[in-house]
Amino acid sequence: VKQAEAGLKLARTQVEKRTWQKDIAMADAQLRQAQAVLKSAEALVKAKSWEAEIAAARTGLKQVEVARELVLKRLADASVKAPISGIISRRNLDPGDMATLSAPLFELVDMDVVHANVSVLEADLAKIHMGDVASIAVDALDTSVEGRITAIRPIVDKMTRTVQIEISVDNPEHLLKPGMFAQVQLPTKVHPNAVLLPRTTLLTDTADGEKYAFTVETGRVVKTPVAQGLIEGNLVEIIEGLEAGTQVVIAGQQNLRHGDFVQVVKVH
């Protein structure tokens with residue numbers, strides 16, 4: 001009973017104060033707000049403004065990506081990387097100088113393999129081939145080094161009637177330097193196990209122009225006609241007249257005659 005009386009009392013108070021009118025007014029306000037939101041959303045859908053917002057967002061993303069790529073490129077351009085491994089042979093700028101696109105910063109050389117450029121007469125071109133071995137002598141070195149023909153240019157110089165060839169030489173210790181002058185020997189014919197004599201050993205018979213050498217047999221010199229072959233430097237190949245191991249006079253032979261007695265004092 002008391003609970004019912006309390007409820008009746010609360011209802012009479014609400015009626016007297018008309019609080020229900022406030023609730024209705026608040027509900028009406030919320031309804032109008034919801035209707036406005038709905039109408040605004042319907043207007044956006046009708047105008048398809050969301051497509052414009054998506055397009056703008058995509059454009060903004062593309063701009064950011066392009067800006068990022070530009071920053072990365074500038075960072076990469078800030079570091080200069082050598083296209084090959086090698087040794088810096090020349091530096092064209094000092095610290096603090098302004099670099100330009102037209103001027104190289106450094107010069108690099110790869111000295112592990114060096115190349116000798118040689119001119120060969122047109123008449124001798126048929127005697128050389130790719131891969132042939134060449135002997136190279138440089139004044140700065142005590143010994144000769146070997147290289148191989150790696151390039152033969154296809155054009156004959158009209159003025160000199162020569163052809164440029166390239167000889168590659170392994171240079172692991174970097175003893176050969178770019179710019180050095182070298183003497184190159186290209187063997188055009190190879191005769192293995194040839195009999196060789198110093199060119200000064202041979203004499204010429206004044207009567208018939210025949211080449212001969214003095215050999216030694218049982219203490220006497222013998223005038224021995226010979227036929228010579230290839231010549232390389234101070235050496236001459238003997239193709240007829242002498243066998244390997246034959247004793248030959250190599251000094252003072254101009255003063256000898258056939259049959260003279262000699263005493264061997266030194267054997268080379």
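**Close-up views of the predicted model**

**View 1. Surroundings of Ile-136 in the predicted model.** Beyond its neighbours within four places in sequence, Ile-136 is in contact with Ala-116, Ser-144, Val-145, Ile-167, Val-169, Ala-182, Gln-183 and Val-184. Ile-136 also belongs to the largest nonpolar core and is one of the members that touch the most other members.

**View 2. The largest nonpolar core.** This core has 14 residues, and those touching the most other members are Ile-136, Ile-165, Ile-167, Val-169 and Leu-176. Two or more residues come from each of strand E3 (113-121), strand E4 (133-138) and strand E6 (162-170). The largest contribution is that of E3, which gives four residues.

**View 3. A separate core of nine residues.**

**View 4. The hairpin of E4 and E5.** Six residues lie between the two strands of this hairpin. E4 and strand E5 (residues 145-152) pair in the antiparallel sense, and four bridges join them. Opposite Val-133 stands Arg-148, a residue of E5.

**View 5. Pairing of E5 with E6.** E5 is paired with E6 over four bridges, in the antiparallel sense. Ile-152 has Ile-165, in E6, as its bridge partner. Ile-165 is also listed with the residues that touch the most other members of the largest nonpolar core, a core to which E6 gives two or more residues.

Methods: Residues are numbered from 1 along each chain as its sequence is written. This is a predicted model: local features need pLDDT of at least 70, side-chain atom pairs count only at pLDDT 80 or more; totals for chains, interfaces and linings use all residues. Side-chain values use heavy atoms; hydrogens and water are left out. A nonpolar core is a set of buried Ala, Val, Leu, Ile, Met, Phe, Trp, Tyr and Cys residues joined through side-chain atoms within 4.5 Å. Buried means under 20% relative accessible area, exposed over 50%, partly exposed in between (1.4 Å probe, protein chains only). Contact means heavy atoms within 4.5 Å. Two strands pair if DSSP finds at least two bridges between them.
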